[in-house]
Amino acid sequence: MQTRHAAGYWYEQDTAQKTRAVRVLNALRDYKAAESAMRRRTRDSMSMGETDLLALRYLLEADSRGQQLSPKDLAVRLGITSASMTSLIDRLVRSGHVRREPHPTDRRALVLRPTPGSDEEVRRTLGAMHERMIAAAGALSEDEAETVIGFLEGIRAAVDQIEPAKRA
């Protein structure tokens with residue numbers, strides 16, 4: 001998906017370097033829009049909300065590392081309240097994506113585990129896209145990859161530093 005941008009919004013383009021920078025930022029914006037659309041399609045195909053899908057991702061990652069997540073651990077990672085966490089877990093259990101299990105050492109606690117079918121569904125839904133993404137990233141030379149990594153880290157740092165607007 002390539003979107004044409006009229007100018008570059010509010011970015012001044014008074015030099016060739018700034019014009020090139022705006023082209024890069026527009027390409028990044030196009031990627032973010034495509035990724036957002038992909039996430040929406042994935043949520044729709046799996047009949048899940050955004051937070052539900054993110055929770056499942058965290059649980060699958062933890063499970064692949066042999067780690068366990070409690071409802072509290074997951075709530076902290078997602079930045080949601082315990083009441084919201086309970087509703088989320090209930091939805092994921094009802095949909096067959098997650099199961100509650102007793103904690104192995106604390107009989108008062110629970111751990112959350114993704115079901116085997118969840119991993120298969122995610123792989124079936126996202127596998128081909130992930131392969132295309134790995135192929136695109138793998139086509140970069142070592143120097144190109146380092147340049148892209150440095151750029152993305154710099155952009156992340158730039159957006160992490162946005163100050164709230166001062167009210168008059």
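Tutor: In this predicted model, a polar atom of the Thr 115 side chain lies 2.8 Å from the backbone oxygen of Gly 96. Thr 115 sits in the loop that links β2 (110-114) to α5 (116-138). Gly 96 is also among the residues that Thr 115 touches when those up to four places away in sequence are left out; the others are His 97, Val 98 and Arg 99. The relative accessibility of Thr 115 is 15%, and the cut-off for buried is under 20%, so Thr 115 counts as buried.

From this loop we can turn to the core. The largest nonpolar core has 23 residues, and Leu 56, Leu 74, Leu 78 and Met 85 have the most contacts inside it. Two or more residues come from each of α1, α2, α3 (71-78), α4 (82-94) and α5. The most is given by α2, with seven residues.

Leaving aside neighbours within four places in sequence, Leu 78 is in contact with Thr 51, Leu 54, Ala 55, Tyr 58, Met 85 and Leu 88. Of these partners, Met 85 is also listed with Leu 78 among the core residues with the most contacts.

The axes of α1 and α2 (residues 50-64) come within 10 Å and cross at roughly 85°. An angle from 65 to 115 degrees counts as roughly perpendicular, so α1 and α2 are described that way. In their contact, Thr 42, Arg 43 and Met 46 of α1 meet Glu 50, Leu 53 and Leu 56 of α2. By class, these residues are three nonpolar, one polar and two charged.

On the α1 side the contact is made by Val 24, Leu 25 and Leu 28, and on the α6 side by Phe 151, Leu 152 and Ile 155. The contact of α1 with α6 has six nonpolar residues, with no polar and no charged ones, whereas the contact of α1 with α2 includes one polar and two charged residues.

How values were computed:
Residues are numbered from 1 along each chain as its sequence is written. This is a predicted model: local features need pLDDT of at least 70, side-chain atom pairs count only at pLDDT 80 or more; totals for chains, interfaces and linings use all residues. Side-chain values use heavy atoms; hydrogens and water are left out. Helices (H or I, at least four residues) and strands (E, at least two) are DSSP runs, numbered from the N terminus. Buried means under 20% relative accessible area, exposed over 50%, partly exposed in between (1.4 Å probe, protein chains only). A polar contact is a pair of N or O atoms within 3.5 Å; within protein, one must be able to donate a hydrogen and the other to accept it, and residues adjacent in sequence count only if both atoms are side-chain atoms. Contact means heavy atoms within 4.5 Å. Ala, Val, Leu, Ile, Met, Phe, Trp, Tyr, Cys and Pro count as nonpolar, Asp, Glu, Lys and Arg as charged, and the others, Gly among them, as polar. Axes are lines fitted to C-alpha atoms, for helices over the stretch in contact, and angles run from 0 to 180 degrees between N-to-C directions. Angles under 35 degrees count as roughly parallel, over 145 as roughly antiparallel, 65 to 115 as roughly perpendicular and the rest as oblique. A nonpolar core is a set of buried Ala, Val, Leu, Ile, Met, Phe, Trp, Tyr and Cys residues joined through side-chain atoms within 4.5 Å.
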